[in-house]
Every structure is written in structure tokens, then in C-alpha cells.
Amino acid sequence: MENKWEYDYSNTNPSGHVPDEYNPIPQYDEPQTAAPQPPAGEPGQPRKPHRILAGVLAVAVVAAVSFGGGYAGYRLADRTAGTRVVYQAASGTSTSAAPGAQDLSGVLSTITPSVVAITTEQMVTTSFWGGQQIVSGAGSGVIITTDGYIITNAHVVEGAQQITVQLSDGRELSAQLIGSDSQSDVAVVKVDATDLTPAVLANSDDVVVGQVAIAVGNPSSLGITATDGIISALNRSITVEGNTMSLMQTSAAISPGNSGGGLFNAQGQLVGIVNAKNTSEYAEGLGFAIPVNTAMSVAQDLMESGYVTGRPALGISVLTIGDLQTAMQYGVSTLGAYVTEVSEGGGAANAGMKPGDRIVSMGAKTIMSATDVTNFLKDYSAGDTIQVQVDREGDLITLEVVLGERQG
């Protein structure tokens, strides 16, 4: 089975343009415009496929909205009526429980005021000659304080120049980005309000497989929508865009726009922040969420410091040279991870690392890419000492590096 990995499960909508029709659940995200596509790596472009770590979960995962929730949302969302609250069972849309099914209407009435729709705007380059275009995006968020702090996914607000939050009562408020952490895929935005309804938090350490799970968010910009299922698995190790996360798995239906929304239990308590799903045509009901304990720990740091404290930093920039053409371009003969910049006063600089060094190993781990460096550091904290072996013009040199703290 071909695994289809993206980290950006979204549609894009150039400002002011509405298509004649749309596919509400596309397999891949592309800007819906006749203009040339943005260069690879910019928001709106499909992210490159990645595979899950060996022995973990052989599925394809895609995050549920970065830039653009656009066409489906702009076609269906009623901009004048405010955010609509819809209950959608996993097997179809329903306004009442089927015979024998659990009636969640009472729980949903307490959940929906704490979930918001998020729209974003970003200026992107659309041609080789520097043409630019505004690209709209859509996602979700969960209110965590009465005075306007809202948690969402980092990929929902990545690169956004304008962020707008729509509350369940229809109010639209401009939001400010407080902090964003791509490693955990958590971000916090804030609106100017004092009368909001924060979500009631569960302890995600107490979640067990088989519990009812309710995903509430803004799929395809339809408005606040709920889908139900169960907690399917815990501690799934998922790697997307070289970033490994430990997520809970759910069978609740997840669609473009759900990213940043909440995963709730049957008591209406927040257990996770939705951020990923499977898009393979061969699999269904494979959605993923960041455990709320993890998400809130990161959010607290972002609110207090603007970044996640204690994260280690080498104090270098690293370039991956992974093919012969790139190697020829940079005039090197060996593939691998090359140091391009060393920050003055950082741990690497103090240890004697220099631009042009090829990182051969860190501790006992062989290093071949910048991603290898990032993943290695996840097991360490600021202040730890690690051994880094580098190749400098054919000589192998071992350096003792004291890790600094990454400031964001």
C-alpha cells in the first residue's frame, strides 16, 4: 500500500475567487488558482511524503489544515449567519441519536462554546517574476482562558499575516499570535475578549482505549461541527516532515479544517488537540490528536515566555546534502549534514565547531541529515553535554558540546 503523507491537509483560496465546484475532501492540497504554484516549501503546497518509524504505525497521516480551507469553506460557509453548530455522527449527519446510540446533544451544548473557527490570510509568491497573491486558510481552535487565549496547531497559523477567530455566537475577532512551536505542532493566539467559555480539561494520562471521543472543529469551513468515535490507540509515534510526535488515535471523522480543534470525552472534557489524519483511500477512521497534557504544557510556556523553555540548542544551522547534484553545487564530495552557520556564544561555537564541518555522529547516532540532528536533540535538555563528531577537510574531530536553550 502506498503511504500518502502530508503535514498540510488543507485547501487554499485566493482572496476574492470562488470556484464553480469543489471536492470537499481532497487527497492533496494545492492552491486553487490558475496562477503558477508557489515554490516548494511555501504554505499552500503539498508537503512531501514521509514514512512512520519502523515498527510503529504503517499508515499515512496528514495534518488537518494549514493555509487555505478555502474553496469548500468559501462555497458553503454562511458568512452572514455566524458560525453554525452542527452535529455529525461518524456514519452521517444527524440531529438526533439513532436507536440504541448514545445521545450526545447535552454534552455538545457545553462543548461548542469553547471551540472556534480560525481563518488566516497570507501573501505568497505565485510566479518566478515575483507575482504575489493572498491565500486564505481555515482551521480550528479551543478556548483555554476566559480572557481570550486560544490553543490551535502551529501549522494552522504558520506564516499568517492576519488571523481571525469566529466564536460560536457568531462574533468575529482579530487574533494575535502569542507563540508557536512546530516541534509539538502547538500554537497559541489571543483575542480581545473577557467573556469567553474555556474548555474543561481532562487528564490525558487517564484516557483509555475504547472511550467515547468527540472531535469538534471547523471542517471545510462549514462551521463548528462534531463527529464521534472512540479512542482507538494511545502513544502512536507518528513522523511527519521529519518531526516525530506521540499522538492518540481516534476513529472520529476528521476533515480539512479540523486541525487545532478539540477531541473531547463523553463528559465534554478536552482530551486532545486534533492535528492529523490518514488520507489513504485504503484506510478510514484514522485520526490523531495531541494529548491535552502535552498541548497545555507547551501552551503554558508559549503564553509565559513566547517559546518552549528548556529545549536544547546546538547553536548551528545545518544543510542536508542528499544527492550528487546538490553535492556538486556546494563543491563537496560526501553526502550528509553540513554546518552552514555557527552562532557566536552558542554551545557549538564554544566547542570549536566551524561552518563547513560535516556532522558524522552525535553520541552513538550516525547523522545524515538536519532531521537526524533535530530528532537526536529531543532526548536532551538545555545544559546537557553531548559528543559530536565532525569531518573537517578529511579529519575526524570529536567535540564536547554543552547544549544551550533554544529561544523559539
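The following dialogue reads selected features of a predicted protein model.

Biologist: What does the secondary structure of the protein come to?

Modeller: As this is a predicted model, every value discussed here is computed from it. The secondary structure of the protein consists of seven helices and 24 strands.

Biologist: Which share of the residues is buried?

Modeller: A residue is called buried when its relative accessible area is under 20%. In the protein, 51% of the 408 residues are buried. The accessible surface comes to about 18000 Å², and carbon and sulfur atoms account for 48% of that area.

Biologist: Which residues have the most contacts inside the largest nonpolar core?

Modeller: A nonpolar core is a set of buried residues of nonpolar kinds joined through their side-chain atoms. The largest one in this model has 35 residues, and I111, I151, I214, V216 and F264 have the most contacts inside it. Helix α4, residues 292–305, gives the most to this core, namely six residues. When neighbours within four places in sequence are set aside, I111 is in contact with I214, V216, F264 and G268. A second, separate core has 18 residues, including I316, M353, M362 and L403.

Biologist: Where does the charged end of K190 sit?

Modeller: For such a case one looks at the distance from the charged end to the centre of the ring, with a limit of 6 Å, and at the angle to the ring normal. The charged end of K190 sits over the ring of Y149, at 5.3 Å from its centre. As for pairs of rings, the count comes to one aromatic pair.

Biologist: Which value of phi does D185 have, and is D185 buried or exposed?

Modeller: One reads the backbone angle first, then the place of the residue and its accessibility. D185 is not a glycine, yet its phi is positive, at about 60 degrees. This residue belongs to the loop between β8 (172–181) and β9 (186–191). D185 counts as buried because its relative accessible area is 0%.

Biologist: Where does N235 lie, and is N235 buried or exposed?

Modeller: N235 is in strand β12, residues 225–240. Its phi is also positive, at about 55 degrees, although N235 is not a glycine. Exposed requires over 50% relative accessible area; N235 has 64% relative accessibility and therefore counts as exposed.

Biologist: What does the side chain of T225 reach?

Modeller: T225 is found in strand β12, and with a relative accessible area of 4% it is buried. The side chain of T225 reaches the backbone oxygen of G223 at 2.9 Å.

Biologist: How many residues apart in sequence are S136 and T120?

Modeller: For such a pair, one sets separation along the chain beside separation in space. S136 and T120 are 16 residues apart in sequence, and their C-alpha atoms are 5.5 Å apart in space. S136 is placed in strand β5, residues 132–143, and is buried, with a relative accessible area of 1%.

Biologist: With which residues is A252 in contact?

Modeller: Leaving aside neighbours within four places in sequence, A252 is in contact with A213, A215, T227, D228 and G229. The C-alpha atoms of A252 and A215 are separated by 6.2 Å, while the two residues are 37 residues apart along the chain. A252 lies in the loop between β13 (243–250) and β14 (262–264). A252 is buried, since its relative accessible area is 2%.

Terms used
Residues numbered from 1 in each chain as written. Predicted model: local features only at pLDDT ≥ 70, side-chain atom pairs only at ≥ 80, totals over all residues. Heavy atoms only, no water. Helix = DSSP H or I, 4+ residues; strand = E, 2+ residues; numbered from the N terminus. Buried < 20%, exposed > 50% of the residue type's maximum accessible area, 1.4 Å probe, protein only. Areas by Shrake-Rupley, 256 points an atom, 1.4 Å probe, with all protein chains shown as cover. Core = buried A, V, L, I, M, F, W, Y, C linked by side-chain atoms within 4.5 Å. Contact = heavy atoms within 4.5 Å. Phe/Tyr/Trp six-rings, centres within 6.5 Å; stacked < 30°, edge-to-face > 60°. Lys NZ or Arg CZ within 6 Å of the ring centre and 35° of its normal. Polar contact = N/O pair within 3.5 Å; in protein donor to acceptor, adjacent residues only side chain to side chain.
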